[in-house]
Amino acid sequence: MADSSECRADDNNRRLQYQNGFLTLSVNRAQDLTRVNVCVGKCHITPYGEKTRDLQTLPANSQPGEENVCRDRQDAHRQLFGTSSARVDRESRPPSSFSLHAQNFDAPDSRPGSGTRLAPLNHEPKFPVPCDAKDAFKGVPKPPAEPLEVKRGVAGARARLLRAGSLPTIPPVEKRTDVTERLNTDSGQKQPSVKRLHSTDHTTVHCAPHRAGSHRTASESRLKQPGDDSGVRPTDCTTGQRTELEAGVIATCTGEDVESLMWKNKIGPLLQQLESVAAGSSEGSADYLCDLCDGLHGTLAEADMLGRHCERRSGILRTLFRLIDLNSAQLNLHIAKLCLALCVSGNNLLNICKLIFQISRSENNDILFQNNSIIDSLLSVLHHEEVSASGEALLYCVGTLKFLSGNSAILRLLLDKNCIGVAQKLVQRLHTAEEAHFTIAGHILVQLTATLRNLAEHPDSRPHFVSFGVLSELCLVLHRHRKDRDVCTNVSRICSKLSSYSECRLALAQTPNCYSLFLELLSKHHQKQDLVVRLLFTLVNLTAKSEEARLQLYQCSGCMDTLLRLYDGYQRRGSSPHTSPGKPAAPPLSVDEDEDVLVKLVSVLANMCIHPAVGPALANNTACLQLLMETLELRSMQESEELLVNVAATINNLSFYQEESSVIRHSQLAITKLMLKLLLSSSADAMLEATRVYGNMSLSKDVRDFIMQNKVHRFVVTLLDSKSTEMCFSACGVLTNLAMDPPNRVSLSLEGASVKLLDCLKDFGPGDWQLAGQVCQALWNLITGGSEEPLDTRERESLLDTLTTYLDEEEALKWTDNEDMRDYQRTCWELEFQPVAQKLVRTLQTPNQTD
């Protein structure tokens, strides 16, 4: 017998050793266990589908992409909260349907929203003047003396009413002198007398000292609005023409600036046209009104009169509000955009956001948003408004964006307008919302996270999610609103979408305590299937490629208890229609959804046990293995193919850790029997996974005997005709182990195993040196030490010629065209193929030599 040290196939975690003169398999537990058996490697479950030899992946149809993970269902009608929302109490949540009319708006905008009148004060006014002990009334100011002549009529009465109020608002004499001198210099007018000053309209006099700030109070604005019967019109006077002082003061108030001229020449006429067209509204006038609104918007912008500092803002708003009753979606969007540009607040801001929301509820109106810059206005509202002051307005604003983000064209616009960055800032502000506003903050987050979920669909959104740190912010949202199932479900959808991409997985994995947070939510909301399946899918993606993630997840407190409790609960739910004939069967969709949870949960277990510190613990976990075997026993291939394939992959990974006292070692014969229905099924994926399990389990003599007694070896030999290199590789592993027993070699030879192995070597060898090495190992065990020759002379010479050619490094590597793969192929050739091929050549050259 040759020295066993010469029989090592390679130094890469696999060891071939002699037992009774034949190559057998052993597990090298001292090294990395990604390749501890000669027949198959571990299986990790990943959404990508790339196949590596040492870490086998699940078949393509088991990739748990978002399409398989409870595809998001669009509501039949756009609503703030869908029919599946946890907010079942409709009275406690903002409505999706409502009616809006002009009377719902406050005009002017600065008036209190309630519209109630303040009651008069019930106390005597106190004057801060010095009190004379001898004459208590000496210090009280007296009204001015009556003028010598008082004009009669309505104008005169108005003058008498305003006379007493006008004196306190007159500027100091020195400043007034400067103003009037300047007016006289500019206009050639004479300085008016004090008597004329007393009879001047108080609104024009009062504005003089405030002109520097170019702002008026609300009461001043109301008095000066065109069409406002409650106020004093600027053109009203006692003689029908303005006095010299009135003209001078108006010039001082406005400085005869652009605003005054703009109002007189452009804004006023535009407002009159809007009102006249609205009054005589007919079909086809909506477009004209939209053009007028655009013209008004452009004119106000040109004059720098947008915002709250426009002196006649209230009049503009009144006119715009009256147009809302025309009930034109296109016109209302133009009105809303202009109102937001005028910085409406309070009740008017809420109603404008409701108006936009109402328009966005119809998909037919999406085109209006594409042709209108209203989205910029909405994003501005999100950027500036606070939940404490405008919580409900923010809700309807974000609800609009949620609807619009379902449109692919508008989705692109939202990305270009930095919607993700604005959303991230809003999320940060919602974190700090006071407890009194916690409920409305939750409502807003439902809409905001749904919008981000739609944005996550676009490939160009992923860098934004990473650069703005949105995933970390969303984890904080999960922690703060972990009782809110709607918020948690939307965030889980975002994570499940983005975790399919490496840069997003890295960002999520770097978020502190994300694994413990996901486990907490799985435990708290274990009955909410759509939330559970997405969280599990995220964990599948995180653990698919990262050893660190596998260990961190396992080390979280209560990890296995939570996962196995979920497994048991959903396995019972899924099997209840079959085990309880007296009860009505659940709808098929419910069963499918429950099984979807099991598919993802088993995938998490399969990925976790790849880690060398986690695998042995799971292989010795009785509850875990019992649940896996129970799934194999209860489920049928016709109904649960994907689930059974994942279970087989998990068992295959656990079979690498067959310690003497491990649970899986004591259960390997029972597992082998359960795998038969997968191997004999019509599913190629199921056959592949079952063959991999047989490759590891057949290290046991009991398992090998079971395979031969049940004629399974015939099926395995047939698999060598497969065009799949993966299938051939796994079948070769089983045959390698079966050939350790002399009686088995005879049976295998009768089935033509040696000839099929030779064909497999010729067909796949140059392109897959790992497979070529595996074929050589199986041939070694079949050829050496037997009294009968499995190959005739011609076949033996053909095998020898093939091996001699393949052992020429230059000749072997010329088949590799890809330069990037050349180094990898050279490594596989040196470690996987060359050692065993050289020993096999020596055996073939000396057929009478016994080891």
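## Salt bridges in the model

A salt bridge is counted here where a side-chain nitrogen of Lys or Arg lies within 4 Å of a carboxyl oxygen of Asp or Glu. In this predicted model, Asp294 forms such a bridge with Lys337, and their closest N and O atoms are 4.0 Å apart. The pair links distant parts of the chain, since Asp294 belongs to helix H8 (residues 285–302) and Lys337 to helix H10 (residues 329–341), 43 residues apart. Asp294 counts as partly exposed at 34% relative accessibility, whereas Lys337 is buried, with a relative accessible area of 12%.

A search of the whole structure finds 24 salt bridges, and among the residues involved, Arg412, Asp416 and Asp460 are linked in a network.

## Two further pairs

Lys417 and Asp376 meet through their side chains at 3.2 Å, N to O; Lys417 sits in the loop between helix H15 (408–416) and helix H16 (419–431), while Asp376 lies in helix H13 (residues 374–384), 41 residues apart. Lys417 is partly exposed at 29% relative accessibility, and Asp376 is partly exposed at 34%.

Glu547 and Arg550 form a salt bridge at 2.1 Å, N to O, and both lie in helix H24 (residues 547–555), three residues apart, which is about one turn of the helix. Glu547 is partly exposed at 31% relative accessibility, but Arg550 is buried at 2%.

## Packing of H36 and H39

Helix H36 (residues 725–738) packs against helix H39 (residues 769–783) at an angle of about 25°, with the axes 9 Å apart, and the two are therefore roughly parallel. Residues that meet include Phe729 and Cys732 in H36 and Leu771 and Val775 in H39; by class, this contact has six nonpolar, seven polar and no charged residues.

How values were computed: Residues are numbered from 1 along each chain as its sequence is written. This is a predicted model: local features need pLDDT of at least 70, side-chain atom pairs count only at pLDDT 80 or more; totals for chains, interfaces and linings use all residues. Side-chain values use heavy atoms; hydrogens and water are left out. Axes are lines fitted to C-alpha atoms, for helices over the stretch in contact, and angles run from 0 to 180 degrees between N-to-C directions. Helices (H or I, at least four residues) and strands (E, at least two) are DSSP runs, numbered from the N terminus. Angles under 35 degrees count as roughly parallel, over 145 as roughly antiparallel, 65 to 115 as roughly perpendicular and the rest as oblique. Contact means heavy atoms within 4.5 Å. Ala, Val, Leu, Ile, Met, Phe, Trp, Tyr, Cys and Pro count as nonpolar, Asp, Glu, Lys and Arg as charged, and the others, Gly among them, as polar. Buried means under 20% relative accessible area, exposed over 50%, partly exposed in between (1.4 Å probe, protein chains only).
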